[in-house]
Amino acid sequence: MKILHLDKNHPLIIQQLEDLGFTNEEDYTSSKEEVLEKIDAYDGIIIRSRFKLDQAFLSAAKNLKFIGRLGAGLENIDTKFASAQGIQLFSAPEGNRNAVGEHALGMLLSLFNKLNKANQEVRAGKWLREENRGVELEGKTVGIIGYGNMGKSFAKKLQGFDVEVLCYDIQDNVGDPFAKQVNLEEFQQKVEVLSLHTPLTEATNDMIDADFINSFKNNFWFINTGRGQSVVTSDLVEALKSGKILGAGLDVLEYEKTSFENLFTSAAQMPEPFQYLIQAENVLLSPHVAGWTVESKRKLAQVIVDKIKANFG
Ligand SMILES: NC(=O)C1=CN([C@@H]2O[C@H](COP(=O)(O)OP(=O)(O)OC[C@H]3O[C@@H](n4cnc5c(N)ncnc54)[C@H](OP(=O)(O)O)[C@@H]3O)[C@@H](O)[C@H]2O)C=CC1
Ligand SMILES: O=C(O)C(=O)CO
């Protein structure tokens with residue numbers, strides 16, 4: 001079987017697939033059009049997010065048997081069409097769920113303790129203790145939307161903080177010892193910290209808008225390590241300005257072309273709401289790296305190799 005690798009990744013993926021008898025071709029530079037011309041020669045594709053695998057692309061991939069996505073989200077693949085074509089899809093949430101759980105917790109504790117602001121001030125010679133008084137997680141109600149691999153990982157990390165953890169999910173009975181599943185109404189009545197872990201779908205696109213935010217009884221803290229497009233950034237900014245949202249930790253932004261590339265080459269080019277986010281003291285930003293650790297790079301590759309081996313080895 002011949003596999004085309006479209007994104008550079010951990011070397012173990014090529015080594016192990018070679019050992020299993022697969023032929024590997026690495027192409028990290030050809031345009032989508034160039035790849036389209038040769039794609040019918042491959043049985044498998046391994047990709048992160050370099051381009052969208054849409055109907056046109058999948059139709060041209062006449063011999064394709066599987067796609068391995070080195071990550072959790074599958075929104076860059078037309079999954080319905082791929083399945084209808086008999087193409088198997090392998091994602092790797094097992095590889096980066098721990099990283100996302102740790103990143104979400106890290107963002108939350110940094111926000112609560114104003115670490116980003118305090119760090120910048122001390123470096124600038126300012127010793128402002130009262131202004132940098134933090135708040136504690138103990139006793140708070142933390143709400144997780146989307147209780148799958150990532151949401152559960154975050155909930156697990158919260159054990160030991162003496163918090164109540166609630167989750168809201170469209171699936172029934174997703175709760176476990178780490179979180180109590182409730183309906184949306186109860187969720188919005190109780191939550192003081194909201195962490196978003198849903199995939200990007202039609203329903204979650206722009207889900208966090210002004211109506212949704214204002215349906216929460218309490219002012220709340222917001223962490224997003226899901227997808228930026230699930231948030232209406234201008235509404236988030238209004239909520240930060242009004243104090244409805246007390247602070248936000250955003251690993252993902254609406255202004256991303258793929259999961260790894262920003263739409264804009266500089267922050268200055270970004271739309272007005274982003275200009276607010278980059279100067280707000282109660283906002284912490286990271287460039288879509290929650291699932292992007294040294295360890296997850298290796299784990300993601302291993303998960304994909306293991307899934308290919310289990311199905312085609
Ligand atoms: N920042 C980063 O680096 C990373 C971000 N991610 C993001 O996290 C997402 C979640 O990953 P993962 O936990 O593996 O996904 P899972 O599918 O395991 O879990 C997501 C859960 O959310 C549910 N859900 C879907 N739509 C809604 C909705 N409208 N309201 C409430 N719940 C909903 C899903 O239900 P159902 O199964 O019915 O759809 C599912 O139970 C990824 O798709 C990706 O976008 C992931 C890894 C790294
Ligand atoms: O795994 C994912 O879906 C990502 O966002 C990559 O870091």
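Biologist: Which residue has a polar side-chain atom 2.5 Å from an oxygen atom of ligand 1?
Modeller: This is a predicted model, in which local features need pLDDT of at least 70 and side-chain atom pairs count only at pLDDT 80 or more, while totals for chains, interfaces and linings use all residues. Residues are numbered from 1 along each chain as its sequence is written, chains are lettered from A and ligands numbered from 1 in the order in which they are written, and side-chain values use heavy atoms, with hydrogens and water left out. A polar contact is a pair of N or O atoms within 3.5 Å, and within protein one atom must be able to donate a hydrogen and the other to accept it, with residues adjacent in sequence counted only if both atoms are side-chain atoms. The side chain that lies 2.5 Å from an oxygen atom of ligand 1 belongs to Gln171.

Biologist: How many residues surround ligand 1?
Modeller: A residue is near a molecule or strand if one of its heavy atoms lies within 4 Å of it. Met150, Asp169, Gln171, Asp251 and Gly291 are the closest to ligand 1, and a side-chain N or O atom of Asp169 is 2.8 Å from an oxygen atom of this ligand. The number of residues around ligand 1 is 28.

Biologist: Where does ligand 1 sit?
Modeller: On a 1 Å grid over the protein atoms alone, a cavity is a set of points where a 1.4 Å probe fits but cannot get out, and a pocket is an open set with protein on both sides within 12 Å along at least five of seven lines; lining residues have an atom within 4 Å of a point. A molecule sits in one of these if more than half of its atoms lie within 2 Å of its grid points. Ligand 2 sits in the largest pocket, and ligand 1 also sits in the largest pocket.

Biologist: What volume does the largest pocket have?
Modeller: Grid points are joined across faces, edges and corners, and a volume is the space filled by probe spheres set on the points. For the largest pocket this gives about 830 Å³. Of its 42 lining residues, Met150, His197, Thr198, Pro199 and Leu200 are the closest to the centre of the pocket.

Biologist: Which residue has a side-chain N or O atom 2.8 Å from an oxygen atom of ligand 2?
Modeller: The surroundings of ligand 2 consist of Arg69, Gly71, Ala72, Gly73, Asn96, Arg227, Phe260 and His288. An oxygen atom of ligand 2 is 3.1 Å from the side chain of Arg69, and one is 2.9 Å from that of Asn96, each distance being to an N or O atom. The residue at 2.8 Å is Arg227.

Biologist: How much space lies in the largest cavity?
Modeller: One cavity of 30 Å³ or more is found in the whole structure. Its lining includes Asn224, Gly228 and Val231, and the space in the largest cavity is about 50 Å³.
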